[in-house]
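Thanks for coming. I will go through one structure today, starting inside one chain and ending at the contact between two.

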Amino acid sequence: MAKAALVDFSKCTACRGCQVACKSWNDHLAEETHNEGTYENPPELSASTWTRIEFYEFGNNGEVQWHFRKHQCMHCTNASCEAVCPSGAISHQGNVVIIDQDICIGCGYCVMACPFDAVHNEPPRGTARKCWFCFDRVSEGYEPACAKTCPTGAIKFGERDELLTIAHARVNSLKSNGHPNARLYGENEMGGLQWLYIIDGRPSEFGLPESPQLATHALASQWVGGLITAGVLAAIPFWLLFRRKREMEESSRVGGE
Amino acid sequence: VNRRIIYNRASVDLDGVPWDTEHPVIWWQNGGWKGDVPDGGWPPMAVDPAATKYPFIMKPEGHARIFGMGRADGPIPEHYEPWETPLVTNPLSGQLNDPAFKIWPDVSGRPQEKGTPDQYPIVATTYRVVEHWQAGQMTRNQPWLVELQPEMFVEISEELAAVKGITNGGKVIVETARGSVSAVAIVTKRFKPFQLNGKTVHQVGMPWHWGYMGLSTGDSANILTPHVGDANTMIPEFKAFLCNIRKV
């Protein structure tokens, strides 16, 4: 049983009911915000804002496109945050990524490592916090608060296999109805995401990384590189020393003749 | 009835075959309607003349009307310009405005409340946002909603922003003959200048939800709007009026 959520952005109206439902269920205070020349607010995800709709406006040949994207923790199968966590606070509970607030030391490694910029640690608590897929609701058989409130049915919660079948059918339907760039995001990214997106365009047009990478994916080559560098740095003084000695020996030999 | 097109049974002939075969809305097949939800499920006129009904089901006689009865501004549809308009004459007729609408400045003796296109060349419109309700008494006191839409704003095109030197997120003043409001400018591709009788006309839009009390306060767009009521229902003309805009 692998639960997941599918967001069909061709159905999202950016009403942001999901933002309010998230704050309401998880008991988060509102942030003090300003209008910065956009409908988008708060300006970033934070320790008390776990989901947010982002707005992207494009103009192509007089035709305007307004893309909306729901931003939250994607619950990666291969999670960067979990890979870098030194205290073991981050773990998979089923396929959901949870940060244990009693074990988290607030080091912020996961904040840096997340390819989706979904983890944040801020005062007053200082521990890393993010969407936890409404674990309390889901483990009792309910859908997450955002999916529950979504008035257009853009957010669907269910078995991942079934959602993938629905998603592929929807993408094909969009493609044959004048949206040739429609595609599914999250089926294989980071080993498979628990938040699947149907987007009409390139991932970068929705603020998503084209090919997200595990933060530790280059670790082996970085270690090898580090060892070689350390070896070279250690050898240089000896090489300089021996070169000087050799030069002195050579010059003394010349002087002696 | 959840039909997409009202009176859609008028789109077929007496046997239920669509008049427009290329774009059929509904059609009669094997004793039932296919396509859109029929506006009333009665069979086509020739199939069962005794049991059927004419398609214009909300008119007593069941027929379409060319003349609308009982309207103060006449039976035939006509285009009139708003009270405040960037046009001087109506390109479609000799009558610029609806002769039957109600204008309170005329009644109250305040003709100076009407703006002219030389002083106020920009078309303004007002609307709502989903985060707030009406004047905002309830929603502007709700922290989660104030977080989403914290300030009074005005949306303007990139072209008008360039003309007026306005930057996205900058403070602007919107003025009409009746008053002025302060707002944050949202410069967007969703507003475009348009051509009107060979003249480029800019349009701006703003919500009306703000006021002087609550968690989030700001100027109300009602300061700007004209006091004009339409000829039949007195619905105020808040969707089209003239303004000017400047950077603070």
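Which residues does Tyr197(A) touch, leaving out those up to four places away in sequence? This is a predicted model, so everything I say is about the model. Tyr197(A) touches Val7(A), Phe9(A), Arg69(A), Lys70(A), His71(A), Gln72(A), Met74(A), Arg183(A), Leu184(A), Tyr185(A) and Leu208(A).

Tyr197(A) also belongs to the largest nonpolar core, which has 55 residues. Together with Phe116(A), Ile155(A) and Trp195(A), Tyr197(A) touches the most other members. Several elements of chain A give two or more residues to this core, among them β1 (3-8), α1 (17-25) and β10 (195-200). The element that gives the most is β5(A), with four residues. There is a second, separate core of 23 residues, including Val154(B), Val204(B), Trp210(B) and Ala221(B).

Now the contact between the chains. Chain A puts in 25 residues and chain B 23. About 1,900 Å² is buried between them, with 57% of that on carbon and sulfur atoms. On the chain B side, Trp144(B), Glu147(B) and Leu148(B) lose the most area to chain A, together 37% of what that side buries.

In one salt bridge, the side chain of Glu147(B) meets that of Lys23(A), at 2.6 Å from N to O. Residue pairs in polar contact number 12. On the side of chain B that touches chain A, α2(B) supplies the largest share, six residues. By type, that side has 13 nonpolar, four polar and six charged residues.

How values were computed. Residues numbered from 1 in each chain as written. Chains lettered and ligands numbered in written order. Predicted model: local features only at pLDDT ≥ 70, side-chain atom pairs only at ≥ 80, totals over all residues. Heavy atoms only, no water. Contact = heavy atoms within 4.5 Å. Buried area = accessible area lost by both parts, 1.4 Å probe. Salt bridge = Lys/Arg side-chain N within 4 Å of Asp/Glu carboxyl O. Polar contact = N/O pair within 3.5 Å; in protein donor to acceptor, adjacent residues only side chain to side chain. Nonpolar A, V, L, I, M, F, W, Y, C, P; charged D, E, K, R; others polar. Core = buried A, V, L, I, M, F, W, Y, C linked by side-chain atoms within 4.5 Å. Buried < 20%, exposed > 50% of the residue type's maximum accessible area, 1.4 Å probe, protein only.
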